[in-house]
Amino acid sequence: MRWTQYFIPTVKETPQEAQIKSHRLMLRAGLVRKLASGAYSYLPLGLRALKKAEAIVREEMDRAGALEVLLPAIHPVEIWRESGRLEVLGEDMIHFKDRHGKENVLGPTHEEVITDLVRREIRSYKQLPVTFYQIQTKFRDELRPRSGVIRSREFLMKDAYSFHDSDKSLDETYQAMKEAYRRIFSRCGLDFYVVQADPGAMGGSGSQEFVLFSDAGEDWMAQVGDSDTVVSVEMASRKLKSSTIPNDGTPVRRYRKVHTPGHSSAESVATTLKTQTSNLIKTMIYQNSNNEIFAVLVRGDHEVSEFKIKTTEPGAHLAPREIIDQKSAFGFTGPLGLKDMKFYIDEDVLEMKDFVVGANEAEQHFVGMNWEDILFTSRSERDRVKIVGDFRQAVEGDLSPEGKPLKFRTAIELGHIFKLNLRYSVPLKAQYLNVEGKLNPLIMGCYGIGVNRILAAAIEQHADDKGIVWPRSISPFQAHVVMLDPEDAQSRRIVEEIEGSGELKAAGVDILVDDRKETAGVKFNDADLIGIPLRVILGQRNLKLGKAELKIRKTAETRLVDTPVLVPAILETLNKL
């Protein structure tokens with residue numbers, strides 16, 4: 001491909017809108033252009049890289065035995081009501097009504113749609129197990145799209161769904177997909193970690209993420225010491241001090257009620273009362289799958305780990321406002337006088353004294369509160385079920401249960417695999433006949449990869465101060481021939497030999513030839529910016545000696561080779577990258 005016949009609109013200036021390295025370089029190198037917030041056009045160079053990543057994903061999914069389908073992007077809203085997820089995803093979904101007044105959504109994910117397809121087509125255990133996948137655009141109405149293609153309102157995803165008649169069968173496919181993901185990200189030239197993760201809104205049980213550490217990441221991960229053990233902050237367990245609730249005591253009664261109009265968050269209350277958030281206790285009212293109400297207490301500068309709560313209270317979620325208002329006052333909940341519910345108390349709060357809590361009245365807080373005032377005011381408080389443990393997200397300074405320091409780093413999520421179990425098959429009535437002729441719900445797995453993120457992650461991980469450094473496998477081109485003098489007859493002859501080489505074509509080597517009438521400096525700067533792995537420099541000084549220069553983009557290593565063996569030298573060098 002000749003540069004003069006292609007479209008690579010590189011720019012020198014750093015775009016003001018771009019805050020992270022991959023976003024800046026994708027714009028500067030002419031890979032993408034922004035249409036609107038969270039929506040990007042892929043230009044030819046960017047699309048070639050995207051297609052390379054997509055091809056690797058497709059090859060490995062096919063190798064793992066998955067079958068490719070293409071599902072609708074427009075979903076009738078009824079199917080989301082049927083699964084019970086319409087409210088869960090809420091404002092993240094893009095809704096619209098068609099000309100007949102029927103409400104639809106643009107697909108943010110496809111669990112409901114694939115389950116609907118399978119419940120119509122799969123009848124017998126003889127058709128199981130089966131895995132379907134697609135590579136398709138997803139749509140999510142992100143509140144704050146940012147970081148270029150890492151978090152956008154539309155993005156390319158590979159999503160796969162497996163269906164089984166036993167947990168053993170699901171485990172086998174889950175492991176096969178896990179290995180396929182390892183191969184995909186390794187082939188894409190990424191250094192990644194596999195971490196235990198919270199299934200979140202997807203539901204189900206087992207869940208693992210494939211992540212890449214990066215300053216541009218949005219997910220916080222905790223690494224145990226210098227080991228390969230990495231978990232999300234939601235799941236990171238910490239070493240406890242074995243604090244216990246005192247069995248007896250006398251109320252201190254130093255507390256008083258203060259008016260805090262318009263201030264309900266820990267930060268704003270702390271500012272108003274001229275104290276620290278660590279001196280507040282947040283009291284959160286939750287509801288489990290049996291609609292039982294309970295409270296979780298954490299320090300004001302900490303966050304509840306819903307994953308940890310769910311391990312004790314299946315299906316736990318924040319109670320709706322109407323339930324909270326029946327027990328307390330929304331935004332002003334506190335433990336004193338909170339009736340008819342058990343307390344889950346994070347260990348850290350037991351060490352607090354003279355703290356601030358909500359007064360269970362609108363715009364009112366208690367200051368100067370102590371545990372004796374809460375626990376020993378009445379027999380009912382003494383007898384309340386109180387469970388002390390690790391119920392918050394991990395933070396700096398925490399130790400692992402083994403006593404190793406937890407190191408916190410941001411990460412980009414590349415892929416996520418889930419054991420959905422019966423989460424969708426039961427509400428959507430996706431059933432099969434077993435060997436005994438009885439109807440059973442299908443057991444499901446789900447496996448997703450953000451294809452766009454592969455490009456951004458590769459740039460974040462490998463780029464240098466001069467520009468992109470592509471891994472060979474997903475580079476738009478593998479070799480970049482720079483003609484310092486496009487009019488030179490010897491240069492043109494060598495370029496024609498390279499472009500027509502059967503050896504290079506057979507090896508799948510794509511060639512970009514810079515044949516522009518530009519200075520060497522402009523060409524070299526652009527070459528560094530777009531980051532093709534191998535550069536072939538044709539300059540008159542070396543050509544007179546029968547030589548051409550090869551330069552590896554990643555290491556800047558150069559060597560001169562004889563022009564008659566230039567093609568074998570290109571292949572040899574690329575095979576080492």
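## A tour of helices, salt bridges and a buried histidine

Start by selecting helix H13: its buried residues pack against strand E25 (479-483), helix H14 (502-506), strand E26 (511-514), strand E27 (534-538), helix H16 (540-543) and helix H17 (566-576). Contact here means heavy atoms within 4.5 Å. Helices (H or I, at least four residues) and strands (E, at least two) are DSSP runs, numbered from the N terminus.

Before you go on, note that this is a predicted model, in which local features need pLDDT of at least 70, side-chain atom pairs count only at pLDDT 80 or more, and totals for chains, interfaces and linings use all residues. Residues are numbered from 1 along each chain as its sequence is written, and side-chain values use heavy atoms, with hydrogens and water left out.

**Stop 1**

Which residues of helix H13 (residues 489-499) are buried? Pick out Ser491, Ile494, Val495 and Ile498. Buried means under 20% relative accessible area, exposed over 50%, and partly exposed in between (1.4 Å probe, protein chains only). Look down the axis of H13: these buried residues fall within an arc of 100 degrees, so they line one face of the helix. The arc is taken from the directions that run from the helix axis to the C-beta atoms. An α-helix has 3.6 residues a turn, so residues three or four places apart point the same way. Now turn to the other side of H13, where Ala489 and Glu496 are exposed.

**Stop 2: a histidine in E25**

Next, select His480, which is found in strand E25. Is His480 buried or exposed? His480 is buried, with a relative accessible area of 1%. Leaving aside neighbours within four places in sequence, the residues in contact with His480 are Trp3, Leu512, Asp514, Ala527, Ile530, Ile532, Leu534, Arg535 and Val536.

**Stop 3: a crossing of helices**

Show helix H1 (residues 21-28) together with helix H12 (residues 451-462): their axes come within 8 Å and cross at roughly 105 degrees. That makes H1 roughly perpendicular to H12. Angles of 65 to 115 degrees count as roughly perpendicular, under 35 as roughly parallel, over 145 as roughly antiparallel, and the rest as oblique. The axes are lines fitted to C-alpha atoms, for helices over the stretch in contact, and angles run from 0 to 180 degrees between N-to-C directions. On the H1 side, select Lys21, Ser22, Leu25 and Met26; on the H12 side, select Leu455, Ala456, Ile459 and Glu460.

**Stop 4: salt bridges**

How many salt bridges does a search of the whole structure find? It finds 50. A salt bridge is a side-chain nitrogen of Lys or Arg within 4 Å of a carboxyl oxygen of Asp or Glu.

Zoom to Lys257 and Glu361, whose side chains meet in a salt bridge (2.6 Å, N to O). Lys257 lies in strand E13 (residues 256-259) and Glu361 in the loop between strand E18 (355-358) and strand E19 (364-369), so the pair ties together parts that are 104 residues apart in sequence. Lys257 is partly exposed at 40% relative accessibility, and Glu361 is partly exposed at 37%.

Then select Lys282 and Glu303, a salt bridge with its closest N and O atoms 3.3 Å apart. Here Lys282 counts as buried at 18% relative accessibility, whereas Glu303 is partly exposed at 43%.

For a last pair, show Arg321 and Asp325, joined by a salt bridge of 3.5 Å, N to O. Being four residues apart in helix H9 (residues 321-327), they are separated by about one helical turn.
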